[in-house]
Structure formats: structure tokens, C-alpha cells
Amino acid sequence: MICCKKVGLSLLAVSAAAIAAFFLYSKGYLRHGIFKKKPSSQCKKDIISKLPDDILVSIISHLPAKCGIKTSVLSNRWWNLYRYMSTVKLDCRDLLGSRYDRHRPPKFTVYFDEDKFHDTNLVIVSAIRFLRLRFGSTIRYFRLSCCFYKVTPDQLKEFFCTLGSLRVEKLALSCGCYLRASVVELSVYNLSQITSLQYLKLSLCTLVPISNTQYSSLQIIWLSHLKIKDGAIESIFSNCLVLRSLRIGNCKCPSKLCFKGPNLQLKSLCINDCKGVNSIEFDVSNLVLFEFSGREMVDFIFEHVPQLQSISFYTFKENNVPYACSRLAKDLPRLKSLTFVARGNHFQRSVKSMGINMFNDLRRLDLSLYTGPQIDLLLLTSFLRSCPLLQEFHLNTNFVDIIGPEVKKREVVIIHSELKKMEISGFVGTENEIEFAAYILKSAMCLEKMVVSRCLKKYTGSARWRSRFETPWSEEMRRTIHARLQGKAISEAALVVIQYHTTAHIEDDNWGRTEDDCKIFA
């Protein structure tokens, strides 16, 4: 009986398999013993070919230039599409091909002759030949990074004329390889052939002055790793009539820089890590933002800056706190935003001598203290007293040892009637830090939000901060901070955010918070 049941089940299984195979074969899933789905009408359609040319060109523009050119072999339709890329980025690898040995780093230059290795004539000729293939199209952004060691003036003129015919709006030109400056000299006159140019980034060459070359379209200039000769900056202002933003970084500059000129439209000026500068003179009626960073302080002469509202500066060696606490407040009484980085010991020595109401109109303060001995954060109360209209205060304690429980509590609490936002990053959880946070909660009668964050932040310029991951607090420390701060605020609308994890990047007013990594309480 059992044997008959097994035979019956086997026959039933074979019959089911045969029926399934017949069904698959009739539907086209099986051909020649291979399980294969019958091609449908949808599978035969070429979806990419139905896309308009504008979208295909946009796709190609996101590829490296060399890969974009290779798409011309796909079909007749793709033959000329790469010529209409709005963004083109070229370097020595693209222009020299096999002649460029990418496996040899620059520090081993003793093993080859650099003049023979980088054929500069071939580089510029190849770039011009590539651009001529684009005649009739428009390039929005063009970046060229290659060696201009032996480029002739005629070749440069032809190169910039070719860019002008393509109506280039943004140009990034690096005249050397591996941060090696070439001997080529450039000026705004070379760029006068590109009448549509609005943005320029120039690096690894020598900037020389010119005269009598009016430039009516250039609005943003970024100079990086240049040798700037006397009068070059002044010639830019006298010839670039609508220049709005200027950034100078890692350049060798004259001892004195003068930013002045009739009808100057400059609104943003950044000078970062430049060598040789001793004094900077300002006579810019429309300047709104100024940023400076360097190894040592320089002499700032603010002759006429009625619109200047935001300043940030950072010096590596010299103490900049006395300048920020005294002369800066006198020179710029209408300053609304101040960002500066200082050593903890410098700040502690200098902040005690601050006067009352030094910054009468300051609305935002970003203070970053770093690499110092133990400091008392409650000394910041004197700084806050000098800013009666302060609305936002961002404090970052970076690699600073905060004084522990031996600090005596301050009994006097001065009311800050305008402070609405407070952020403390790099918060470890010492007694002094908790007392300072509690002081803010007790004194800010209009406080809307306080963020206490474990992460450290580094100022990267242009109102941008980059955060760094730190070991989170223990659960016991988190509960202690929560218990010590809860119920301290005199403002009924105050919201306290205890952030014990960090996001990758924090910009300006982004507090870098999610519901999963914070403890929020009113």
C-alpha cells in the first residue's frame, strides 16, 4: 500500500512538471532547453535614444572630458554631442595622453627631465585644437590644469581668443602641476578677450599690473598660489568695473595692499595665508564682508567702509584678542557679525580688560578657542556685557582644558535681553561648562534655542564650519547634563538640545540635529 502511494505521488509530480514545462514553452520562456524570457516590445525599445539632445549633453557634461569624447563612437547620433558639453575640465593627462607618466610623483623629479617630460607647446596646441572643435557652441565652465612653463605670448593670446569665441562664463586656470608655479605672467589684459567671463580662478603663475583695459563682466576673482607684483591688485580694481568678490589665498604679496578705487563695487574680500603682507588699507564704500587669516596680525587701516558688517579673522601665532576687544570695536562701531579664532590663554588674559558696550551693534558672535591651558568659561560674561544687542552666540572649545569643579560659582547674573540662540560645541561636561550653560539659561530672558553639542567644529571660511566626530558622552554624563540644565531657563520659549552625536558637516545656521541623536526638552 505504501509502495503504491509513492508511485502515485511520483506520477503526480512528473505530470505537474510536464504541465509547467508546456506552459513555459507556450509562453516563450523556454527555447532550446534554456530558460529565457521572450523579448517583449518594451525590451526592444532603446529608451536612451528617445531622450532629447539637451539631456544627453547634460549627462555627458558630468563625465570627465576624455570619457565624454569617447561617447562619439557609440552611434551617428552621438558623433557630435560631446562638442556641446557646457562643462569642460582638462589637465595634462587628457592633453598629453601616453606622454604623461601618472605613476611618477613630483618628488622624484630627479629621475627625469621636466622640460622634456611636459611638452608645453604640445599642451597649449592640444588645448586650442580641442576648443576649436567646439566652435558654434557655448562653454559655461572651463577648467584647465596643466604646465605653462614655455608658453609664448602669441599662444596665450590665441588660447584666450578661442575661449572668448566660445562665450566662457567661468574659467579656472592653473598654470602649473603639483602646486609648482610656472614662470608665465598673466594680467587682466589677457582675459579681456573673453567678454562673457564672470568668474575667474587663477593659480600657479605671476600676476602683473596693467592699465586702461576696462572689463565690464568679471564679478568674482579667486587668486591662489600666485606671486602678486606691486600694483597688480590696484589694476584689477581700476579695470574690473563690476567686481563683487575677491579671494586671495596662499599668495606671495607686496608688503602693503590697498583696496580702493572710484566706484568700486566690491562687497566680499577674503585674504587667507598670504606671505609678505604687513598692512592692509581699505577705502571701499560697498564692502560688506571681510575675512582674514594668517600666521601673524597685520595693520588694518579702515579709512572708509560704511557698509562693513561682518568680519572674521584668525592668526596662528600672534594674540589677536586685544585687537578684537579694543581697536576693532572703535574702528567699526556698526559691526553686526564677528567671527574669530583665538588661543585659550590669549583670550583669558585679554578679555578681562574689555570695556562695557564695546560692540554696541553686534548681533552675532562666533568664538572658537583652541589649544590652550585651563580657562574659565565664566569669564565670557564680561565679553557678553560688551555686546548688549547680541542675538546669536556660537562658542566652540576646541582642544581646550576647561577648569573643573574648583571654580567658584558666580552669584551675580546679568540679564541679556536680546540673546535668542546659543550653541556650545566641544562640550565635555565639566562643572565649569555646565555652570556657563546654566548661566546663559538664567540670564537670556528671550532665549529661543540652546544647543549643547559634543562634537568639535573648525572654521573653514565664508561662514562655513566643519564638524569632527568625538567620542559621545556616557549615558551617566548625558543624564547629568540633562538634570543640571533642566528647569534653569527663565525664558518660557527656550528649547534646549543636547546633541551627543555629530553630523558630517555643519554650515552656518544648520544645527546638525536629528531626532535620533539628541535629547530635546523645554
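A crossing of two helices counts as right-handed if the near helix is turned clockwise from the far one by less than a right angle, and left-handed if anticlockwise. Everything here comes from a predicted model, where local features need pLDDT of at least 70, side-chain atom pairs count only at pLDDT 80 or more, and totals for chains, interfaces and linings use all residues. Residues are numbered from 1 along each chain as its sequence is written, and side-chain values use heavy atoms, with hydrogens and water left out.

**View 1. Helix 14 crosses helix 15 in a right-handed way.** Helices here are DSSP runs (H or I, at least four residues), and strands are too (E, at least two), numbered from the N terminus. The axes of helix 14 (residues 431-443) and helix 15 (residues 475-485) come within 10 Å and cross at roughly 35°. Those axes are lines fitted to C-alpha atoms over the stretch in contact, with angles from 0 to 180 degrees between N-to-C directions.

**View 2. Here's who touches whom between helix 14 and helix 15.** With contact meaning heavy atoms within 4.5 Å, Ile-481, Arg-484 and Leu-485 of helix 15 meet residues of helix 14, among them Glu-431, Ile-434 and Leu-441. The contact residues split into 6 nonpolar, 3 charged and no polar. Ala, Val, Leu, Ile, Met, Phe, Trp, Tyr, Cys and Pro count as nonpolar, Asp, Glu, Lys and Arg as charged, and the others, Gly among them, as polar.

**View 3. Now for the lining of the second largest cavity.** Helix 9 (188-191) gives the largest share, 3 residues. By class, the lining has 10 nonpolar, 2 polar and no charged residues.

Technical notes:
1 Å grid on protein atoms, 1.4 Å probe; cavity = no way out; pocket = protein on both sides within 12 Å on 5 of 7 lines; lining within 4 Å.
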